[in-house]
Amino acid sequence: MRRAMLGLMLMLLPGLAVATEMSRPDDSFSLQGLEEARILWAVTAADSDKLLARLGVIEQTYRDLERQGVTPRVVFAFRGGSVRLLTRDAPNRDMEKAQTILQIQAKLAELHALDGIERMEVCSIASRRAGITQADLVEPLVEVGNTFATAAAHAQRGYATIKID
């Protein structure tokens, strides 16, 4: 009997996932007439657990836009304490959070591979204060002079800045 119930549950799970996806609310009112959405994620989150969770929300946002027929155009701008999580040696500096830091770095590489993820920038003001150089950063991160300046430039190009802290 247990095997039959387990088999039945396993057969119904894919249908449940489809039903859940279909029943999700949409954003059609706000997205009406848009072909693309330009977002600059201004990331300052220095806590590794929070940053990993926020990256999941960012990915969900990307997927939601795609699902609703809007092409995401995305730039990441890391500054403040977040830059300490983006170096090759970050997992070695915080052994308690090493696994989470590695997951963050893997998620960034995964996100960067998506169509429409245009750039992942790290503010050199923050990196200098943390003793970090371009050589220390994991790929695909690129050090820029000042992410406030690049955020202003992206705003002029129609990018909405969304703060992640």
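A residue counts as buried when its relative accessible area is under 20%. This briefing applies that cut-off to helix H3 of a predicted model and then turns to the largest cavity, to whose lining H3 gives the largest share, 4 residues.

**Helix H3: extent and ends**
- Helix H3 covers residues 48-67, and its 20 residues should span 28 Å at 1.5 Å a residue. The end C-alpha atoms of H3 are 28 Å apart, which agrees with that expectation.
- After H3 comes Gly69, which has a positive phi, near 80°.

**Helix H3: buried residues**
- Ser48, Leu51, Leu55, Ile58, Glu59, Tyr62, Asp64 and Leu65 are the buried residues of H3.
- In an α-helix, residues three or four places apart point the same way, because there are 3.6 residues a turn.
- The helices that the buried residues of H3 pack against are H2 (28-31) and H5 (98-112).
- These buried residues also pack against strands E1 (36-43), E2 (71-78), E3 (117-123) and E5 (160-164).

**The largest cavity**
- The whole structure contains 1 cavity of 30 Å³ or more, and the volume of the largest cavity is about 50 Å³.
- Its lining consists of Ile39, Trp41, Ile58, Thr61, Tyr62, Leu65, Pro72, Val74, Phe76, Leu111 and Ile117.
- E1, H3 and E2 each contribute at least two residues to this lining.
- Sorted by class, the lining has 10 nonpolar residues, 1 polar residue and no charged residues.
- Ile58, Tyr62 and Leu65 are buried residues of H3 and also line the largest cavity.

Key: Residues numbered from 1 in each chain as written. Predicted model: local features only at pLDDT ≥ 70, side-chain atom pairs only at ≥ 80, totals over all residues. Heavy atoms only, no water. Expected span 1.5 Å × (residues − 1). Buried < 20%, exposed > 50% of the residue type's maximum accessible area, 1.4 Å probe, protein only. Contact = heavy atoms within 4.5 Å. 1 Å grid on protein atoms, 1.4 Å probe; cavity = no way out; pocket = protein on both sides within 12 Å on 5 of 7 lines; lining within 4 Å. Points joined across faces, edges and corners; volume = space filled by probe spheres on them. Nonpolar A, V, L, I, M, F, W, Y, C, P; charged D, E, K, R; others polar.
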